[in-house]
Amino acid sequence: MACFVVQAVLLCLLFQTVRLSPTIWTYDKVAYIKEGTNVNTDLSVINCSDPDTNPTSTYLKTIIPTTPCSGCFNIYKCGTLECLQYRAGKGTLDRSQAASYLVTLSCTDTIETAATDVVEIVVLPNAPPEFVPSALNISKTIPSSLTAGGLIYQVSAKDIDNDAITYKLKVTPASAASHYVIDQKTGAITSKIDMMAECLYFLTFEVTISDGQHDVGPMVIDVEITNPNTAPVAANLDTLIQFNEVDATKTTLYTMLLTDDKSTVKYNVTSSNADGLLQYSLSACTACTAKAITNLLPLDYENTPLRVTDTTIQLTDGYCSSPPYNARLQIMDVNEKPNVTLTSNIIQICEGKQEFLPPYIISEQDTYDTRRWSFNPTNMDPFSIDPNTGSIRTLIDYDVDKPTPMASTQTLNIIMFDKGDLTATTSVTVSFLDCNDNAPLFKSSFYTGSATACSAPGSKLLSITATDKDLTSTTGNNVIYYEGSGGSVTVNAAGDVILNEPMPAGTVVTFNAYAYDRGQVPGPLRSVNPAVISINFTPCPPTPSPAPAVTAVTAAATTVATTAAVSSTSKKSDSNLAWIILAALLGTLFLGLLGFLLWRYGARCLDACGKVNCDKQCCRPRPNRLLTPEIERRPPLQKQPEQPAEKEADPVGPGFLFGFWKERYPDDDFKHLPDRKRLPTPGDMEAHYPHTLDPVEDPLSSPSPAAAAGAPKKNCIVM
């Protein structure tokens, strides 16, 4: 048993020692490829196998160098084997950057050590193609009779690498490039049009060839066209063409000068003003050297949208076309005779200084014409006409109301000139109406009157009057009525000042009154300035008391005298009565005041003069004195013991206390505002004059007889 185990182990070790690694070999150790190759190319066949029949795989281990085409190589299946292949488009084969690449291939079965092999890939240079012949400048002549599809030139080239060659063509001028084509594979240059339509003398072809790696050229081919066709030419277009407006059609407006005598010349005319273009005609002509532009419609300058037509004209002979010409067709104005009429030949206006525009109807074809107006004859006093507008004005205050009135109608002849001094005439008859052109005017601007406080309502106090210079009353021009009110007094339509309500004596009512007329054309007028009315109300007259029988005669006489006086006074002016009454009241007031002053202060003055021996001094006017500071007077001595003084009663009110303090007005100008509630200090009225400043004697002390006998007289100081 032990022997059997040992044999098994030995067999296992034997099998492990005889396992073989995979093998790899390539058919081409050195592969070649041309630079610039643009197709996938197989470089070498690879055989990767394993003696132990284990599955194998092949991969690229390294590529040196890595640029510029390390990604250009890869391994792909090619039948039962594998191939190292160049992949086009993965990089650039540029010999100048990398002349060869070393590619290391690896074969592995994932068990034993992998086998490797190295393939060198050599980049071969690519030769550029060549022109045959090699000359790069060639001259060629072709006839103008060559038709479309004809061969102009055959370009040949070769490539030693047998690369495919492609041909490219450039045509000068570029405007003719679409007329020619080159076969990219054969190099044949052909025409796509008849050479008669080329309209050029020379052409230049530039041809380049390419093998995909190299561009060679250009080969320059100068082509001369013999007896070529040329485009017609207009010598006098590209200009402003002006012509007068016309009524007739098919009028030659302009003649174009042409330089093509081989074929029929046609026109292609376009314009942004399609309606304007319909006015004109440009027909074809054969072998002509001049062509007229005519009108199909009447040409009217006043039709503004059709006045200017900007055109683009291109000439062609069927093969060749001229460059576009710009021509402006402009209709010019022709002065045409105007005509003027009036919607009405009779115009009615008011008298006075007036300006009016006759109702002209102007018909003329010149819409933007200027006009000048005049009279025919030019002097038509007293009228003038505005030369720009044709309005007519009167130079004076035309009045049909005067005692010697002016003519009520005037016929004026008018002539109108246009900018070319062509004229049109008409006439207008002006009829002047007796219009209400004068406002009422008051004879006096101020009216005064009076009434008593007892006057009866409805009483007529006075009358106001206005006049109107208009002479006719058929249309109410000088029919006047009045309006005005002061509340208690009004003015009626007839101009009477009527009392509505009596007012207290002393009241003065002042108001304005206006006068109106009843004119209809152009309307009623009001007086420019009002009349000022002032009514003074006086006291009612006193009622006379019955007189005694014995004095009947005297009373009668007095009554007669009074009546006469009143009658005489009323004749002067009612307004003086107020002043007389006011003066009488003021005189009575002053007499009463004088009597009060004498009664109040006269007795005191006389009594004081007798006691203080002032004689005549107190009766004389006191001189002005300076204000002295207020002196506090001591109270008089009392004989009995001092008793508590009773509380004084409050003053009746400020400004008056038992006649000691009085004021005329509450706003007297005081330097120091007095205390009106303070009682005045009582004085010794028996021994002193109240306005003296001498010492006050003590009544309790008994003076000596000698002193009493020898006491001098007191000197009073009148304040």
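Me: Which cysteine does a disulfide join to Cys 199?

Reply: In general, a disulfide is a covalent bond between the sulfur atoms of two cysteines. Here a disulfide, counted when a pair of cysteine sulfur atoms lies within 2.5 Å, joins Cys 199 to Cys 320, with 1.2 Å from S to S. Please keep in mind that this is a predicted model, in which local features need pLDDT of at least 70 and side-chain atom pairs count only at pLDDT 80 or more, while totals for chains, interfaces and linings use all residues. Residues are numbered from 1 along each chain as its sequence is written, and side-chain values use heavy atoms, with hydrogens and water left out.

Me: Where in the chain do Cys 199 and Cys 320 lie?

Reply: The pair links distant parts of the chain, 121 residues apart, with Cys 199 in the loop between strand S15 (188–191) and S16, and Cys 320 in the loop between strand S24 (308–316) and strand S25 (325–332). Helices (H or I, at least four residues) and strands (E, at least two) are DSSP runs, numbered from the N terminus. The torsion about the S-S bond of Cys 199 and Cys 320 is about -100°, so this disulfide is left-handed.

Me: Are Cys 199 and Cys 320 buried or exposed?

Reply: Buried means under 20% relative accessible area, exposed means over 50%, and partly exposed lies in between, with a 1.4 Å probe and protein chains only. Both Cys 199 and Cys 320 are buried.

Me: How many disulfides does the structure hold?

Reply: There are six disulfides in the structure. One of them joins Cys 69 to Cys 72, with an S to S value of 1.4 Å, and this link is left-handed, with -95° about the S-S bond. Another joins Cys 454 to Cys 540, with 1.6 Å from S to S, and that link is right-handed, with 100° about the S-S bond. Cys 540 counts as partly exposed because its relative accessibility is 31%.

Me: What order do the four strands of the open sheet follow?

Reply: Strands of a sheet pair through backbone hydrogen bonds, either parallel or antiparallel. In this model two strands pair if DSSP finds at least two bridges between them, and the four strands follow the order S10-S17-S16-S13, with mixed pairing. Strand S10 (137–143) and strand S13 (166–172) stand at the edges with a single partner strand each, so one side of each is left without a neighbour in the sheet.

Me: How many bridges join strand S16 to strand S17?

Reply: Strand S16 (residues 202–210) and strand S17 (residues 215–226) run antiparallel and are joined by eight bridges. Across this pairing, Val 207 stands opposite Met 219 in S17.

Me: Which residues is Thr 311 in contact with, leaving aside its neighbours within four places in sequence?

Reply: Contact means heavy atoms within 4.5 Å, and with those neighbours left aside, Thr 311 is in contact with Val 269, Thr 270, Ser 271, Leu 277, Tyr 325, Asn 326, Ala 327 and Leu 329. Thr 311 is found in strand S24 and counts as buried because its relative accessibility is 4%. The side chain of Thr 311 also reaches the backbone oxygen of Ala 327 at 2.7 Å.

Me: How many helices and strands does the chain have?

Reply: The chain has five helices and 43 strands, and buried residues make up 31% of its 719 residues.

Technical notes: Polar contact = N/O pair within 3.5 Å; in protein donor to acceptor, adjacent residues only side chain to side chain.
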